[in-house]
Amino acid sequence: MPWYNGDYPPSYKNQPPKLREKAVEIANEILKESGDEGIAIATGLKKAREYFKDHPQEADADDD
């Protein structure tokens with residue numbers, strides 16, 4: 001089941017909003033490819049953390 005409109009996996013609940021949004025975006029793409037929610041959730045969060053580690057200016061930008 002893809003996540004959208006503020007819906008996200010429970011394991012993302014305590015993550016910062018920008019990280020959570022990026023993780024959902026990534027997880028949804030992985031879900032389309034693999035169909036495995038567990039892999040999508042774990043990989044989405046891992047890749048989102050890597051993304052913001054590589055792009056710290058985006059993590060520090062003000063929310064819209």
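A charge sits over a ring if NZ of Lys or CZ of Arg is within 6 Å of the ring centre and within 35 degrees of the ring normal. The model is predicted: local features need pLDDT of at least 70, side-chain atom pairs count only at pLDDT 80 or more, and totals for chains, interfaces and linings use all residues. Numbering runs from 1 along each chain as its sequence is written, and side-chain values use heavy atoms, without hydrogens or water.

**View 1. Arg-20 over Tyr-8.** Arg-20 lies over the face of Tyr-8. The distance to the ring centre is 4.5 Å.

**View 2. Lys-22 over Tyr-51.** The charged end of Lys-22 is 4.2 Å from the centre of the Tyr-51 ring. Tyr-51 belongs to helix α2, residues 37–54 (helices are DSSP runs of H or I, at least four residues, numbered from the N terminus). Beyond neighbours within four places in sequence, Tyr-51 contacts Lys-22 and Glu-58 (contact: heavy atoms within 4.5 Å).

**View 3. The aromatic pair of Tyr-51 and Phe-52.** The structure holds 1 aromatic pair. Rings of Phe, Tyr and Trp (its six-membered ring) pair if their centres lie within 6.5 Å; planes under 30 degrees apart are stacked, over 60 edge-to-face, the rest tilted. Tyr-51 is partly exposed at 22% relative accessible area; Phe-52 is buried at 14%. Buried means under 20%, exposed over 50%, partly exposed in between (1.4 Å probe, protein chains only).

**View 4. Asn-28 in helix α1.** This helix spans residues 17–34. Asn-28 is buried, at 15% relative accessible area. Leaving aside neighbours within four places in sequence, Asn-28 touches Pro-2 and Trp-3.

Conventions: Helix = DSSP H or I, 4+ residues; strand = E, 2+ residues; numbered from the N terminus.
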